[in-house]
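Please look over the sequence and the model shown here before reading on. The notes cover the sheet, the helix packed on it and the surroundings of the ligand.

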Amino acid sequence: MGEHGRGRHIGCVGCGNMGGAILRGMQAAWDKLYQFYACNRSTERLAPLRDCGIQIAEDAPTLARQCDVIILAVKPQQVGTVLEAMLPELGADKIVVSVAAGLGLDWLRQGVQGRCPVVRCMPNTPALVGRGVFAFCCDDTLPPADKGKLLELFGALGHCLELPESRFAAFTALIGAGPAYVFAMMQGLVQAGVTLGFSQREARQMVTALFEGTAVMAAQSPQHLLRLRDDVCSPAGVTIAGVNQLDRAGLAGLLVDAVLAADARGREMESQAPKD
Ligand SMILES: NC(=O)c1ccc[n+]([C@@H]2O[C@H](COP(=O)([O-])OP(=O)(O)OC[C@H]3O[C@@H](n4cnc5c(N)ncnc54)[C@H](OP(=O)(O)O)[C@@H]3O)[C@@H](O)[C@H]2O)c1
């Protein structure tokens, strides 16, 4: 990909919430290096993408002909039809990247009939604001240089990591579902703020800034999280009184149980999913 490998043409089929955000984020970061293409069933989603310099392809097969990397961001139940339509355009010089939840590498390989390498990608919703976490698992046939470029390309939209496919269920339970846990914690603190007399608006702004600032500290500090927590607790102070209450309620255990419940449900759904 890019200067030394496959070409510079990156396209996305399905430009709804996720596909549109992926293209906009990549275009903003990489417009000097790559040319981006969009295709969507209804045309109204395309106008804002055209306005920021993204080329519009008439349909999925046209986009597949024009592009070296083809991102699929239609709903999982639409991926099969889209791949079937694109099939004559696929060859070893292309890469198909699917962000569709629940569709595994084997399923995708069958969908492209082995004509090109496939990549499974799982984003979480903060990708919509360029701060996602993306897990990737790639065909063995994908050259390492192309894999590196692909991770760099998606790096414009957040943190990217490569995982074996067997870890996708755990990733989904922890990070895919993660924004829901964080929103729930934020809501609890906003509620506390309102209880103490702040307006909803004030409390939400303050709590949002609290999470942002604390996340930056956690990202930048090499210290264990419990050490960072204890550093905020002065002897006989305000914070330790609150932290004691959280420990009595078992917050850490509750979070572990929540993620394990999500993981169990994910595995149950995977075992019920059609295999082809
Ligand atoms: N949203 C998330 O946070 C999230 C998180 C993880 C994974 N994902 C995955 O991302 C994918 C997209 O989800 P989404 O939330 O972005 O859904 P969405 O907003 O409904 O977007 C899907 C888009 O695909 C278009 N489309 C459908 N059939 C098409 C076709 N044959 N050719 C071209 N475009 C077609 C739809 O067009 P219309 O405008 O005509 O409907 C729509 O704009 C899903 O597979 C989902 O599993 C999403």
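The briefing below takes the sheet and then the ligand site.

This is a predicted model, in which local features need pLDDT of at least 70 and side-chain atom pairs count only at pLDDT 80 or more, while totals for chains, interfaces and linings use all residues. Residues are numbered from 1 along each chain as its sequence is written, and side-chain values use heavy atoms, with hydrogens and water left out.

**Sheet and helix**

- An open sheet of mixed pairing is built from eight strands in the order β3-β2-β1-β4-β5-β6-β7-β8, where strands (E, at least two residues) and helices (H or I, at least four) are DSSP runs numbered from the N terminus, and two strands pair if DSSP finds at least two bridges between them.
- At the edges are β3 (55–56) and β8 (158–162), each of which pairs on one side only.
- Strands β4 (residues 69–72) and β5 (residues 95–98) run parallel and are joined by four bridges, and isoleucine 71 has valine 97 in β5 as its bridge partner.
- Helix α7 (residues 168–176) packs on the sheet and touches β6 (118–122), β7 (132–138) and β8, contact meaning heavy atoms within 4.5 Å.

**Ligand shell**

- The ligand is surrounded by 21 residues, the closest being Met18, Asn40, Ser42, Val74 and Thr125; a residue is counted if one of its heavy atoms lies within 4 Å.
- Both α1 (17–30) and α4 (76–86) supply at least two residues of this shell, and α4 gives the most, with three residues.

- For alanine 101, a backbone N or O atom lies 3.0 Å from an oxygen atom of the ligand.
- The protein covers 81% of the 890 Å² of accessible area that the ligand has on its own, as computed by the Shrake-Rupley method with a 1.4 Å probe.

Definitions and conventions:
Axes fitted to C-alpha atoms, helices over the stretch in contact; angles between N-to-C directions. Polar contact = N/O pair within 3.5 Å; in protein donor to acceptor, adjacent residues only side chain to side chain.
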